[in-house]
Amino acid sequence: MSSPQIEAFLEMMAVERDASPHTLSAYARDLADAEGGVDGGLMTADETAVERWYAGLAARGLSPATQSRRRAAVRQFYRFALGEGWRQDDPSRRLDAPKQGRPLPNTLTRDEIEALLEAAAARDGAAGIRMVALVELAYASGLRVSELLALKVEAVRRDPAWLIVRGKGGKERLAPLNASAREAVKAWLEARDAARKPETPDSVWLFPSPVGKAALTPRRFAQMLDQAAIDAGIDPARVSPHVLRHAFATHLLEGGADLRVVQTLLGHADIATTQIYTHVATDRLAKMVQEKHPLARDD
């Protein structure tokens, strides 16, 4: 459910704030839920109606993160409505953000990354070579899965030490490639080129789908990672394309990397998003000292 005012708001977000398609889709879903759930719709609702809808989100079983996102969408919409003169008040002004803990991202140890790579390399033929290249690239550069699978062949043909990546909001950044990732990419390019039939046009994607007309999908990559995790003796529930990005950040910080550098490499707009990895690194180091130090003992 939508309205002309919601459509105008989404258009403003796209044009003036350069919101990504993913962000616009999330705003559209959240505002459609509010439009249908608030008595009388967003444009005529009073504070009581908005607060009643918001209180019902928890009763519907929505997570604190989802509740918070919907609150933010509605508050931004009403600010826009005030600015446009559509309303003279903001009925969302008393909405309090839901209490939510700070979940730490899942990650893998260095040994588990090695085991994952060994399991990938054990696969037969080009499938194993491709899987190694995918894992090496994700772990070496901290790419989002969308960024990884959107890579084109021309970006790596000359064996670059850095990739130019277009991330969220269309912002570009440099992503590093270490020696092992570059070797893995070289091996994949050789296998990829050898498997291509001369009469078939070459795909522009570094990791094409089986039919070659599109890139490998995130879902398929996740399935491949699940199998590699099982082969490596790792619980597949702990492994995903995004966990490889978490491991990249955590291991950099454990090695003494500056937080601002990690923020830049990950493409985070806000350093607070990056700071969560310091908690992961600190927790892991404290556990290691407790387990390995000769004088460590239980209280």
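A residue is called buried when its relative accessible area is under 20%, exposed when that value is over 50%, and partly exposed in between. The structure described here is a predicted model, and by that cut-off Asp-202, at 34% relative accessibility, counts as partly exposed. The chain has 299 residues, of which buried residues make up 42%, and its secondary structure consists of 12 helices and two strands.

**Overall architecture**

- Read from the N terminus, the elements follow the order α-α-α-α-α-α-α-β-β-α-α-α-α-α.

**Helix 2 and its cover**

- The buried residues of helix 2 are Leu-24, Ala-26, Tyr-27, Asp-30, Leu-31, Asp-33, Ala-34 and Glu-35, and what covers them includes helix 1 (4-15), helix 3 (47-59) and helix 4 (64-84).
- In general, an α-helix has 3.6 residues a turn, so residues three or four places apart point the same way.

**Salt bridges, with Asp-33 and Arg-70 as one case**

- The count of salt bridges comes to 22.
- One of them pairs Asp-33 with Arg-70, with the closest N and O atoms 3.2 Å apart; since Asp-33 lies in helix 2 and Arg-70 in helix 4, this pair ties together parts of the chain that are 37 residues apart in sequence.
- Both partners fall under the 20% cut-off and are therefore buried, Asp-33 with a relative accessible area of 17% and Arg-70 with a relative accessible area of 11%.

**Arg-192 and its surroundings**

- Arg-192 sits in helix 8 (residues 179-195), and because its relative accessible area is 8%, Arg-192 is classed as buried.
- Arg-192 forms a salt bridge with Asp-202, the closest N and O atoms being 3.1 Å apart; as Arg-192 belongs to helix 8 and Asp-202 to the loop between helix 8 and helix 9 (218-231), the pair ties together parts that are 10 residues apart in sequence.
- Elsewhere in the chain, salt bridges that share partners join Asp-30, Asp-33, Arg-60, Arg-69 and Arg-70 into one network.
- The side chain of Arg-192 also meets that of Asp-193 in a salt bridge, at 3.8 Å from N to O, and Asp-193 is partly exposed, with a relative accessible area of 33%.
- A polar atom of the Arg-192 side chain lies 2.8 Å from the backbone oxygen of Trp-205.
- When neighbours within four places in sequence are left aside, the residues in contact with Arg-192 are Val-153, Arg-157, Asp-202, Ser-203, Trp-205, Leu-206 and Pro-208.

**A nonpolar surface patch**

- Trp-162, Ile-164 and Leu-174 form a nonpolar patch on the surface, and together these residues have about 350 Å² of accessible area.
- Leu-174 is placed in strand 2 (residues 172-176), and with 49% relative accessibility Leu-174 counts as partly exposed, because exposed requires a value over 50%.

Conventions
Residues numbered from 1 in each chain as written. Predicted model: local features only at pLDDT ≥ 70, side-chain atom pairs only at ≥ 80, totals over all residues. Heavy atoms only, no water. Patch = residues over 30% accessible without salt bridge, like charges linked within 9 Å, V, L, I, M, F, W, Y side chains within 5 Å. Areas by Shrake-Rupley, 256 points an atom, 1.4 Å probe, with all protein chains shown as cover. Salt bridge = Lys/Arg side-chain N within 4 Å of Asp/Glu carboxyl O. Helix = DSSP H or I, 4+ residues; strand = E, 2+ residues; numbered from the N terminus. Buried < 20%, exposed > 50% of the residue type's maximum accessible area, 1.4 Å probe, protein only. Contact = heavy atoms within 4.5 Å. Polar contact = N/O pair within 3.5 Å; in protein donor to acceptor, adjacent residues only side chain to side chain.
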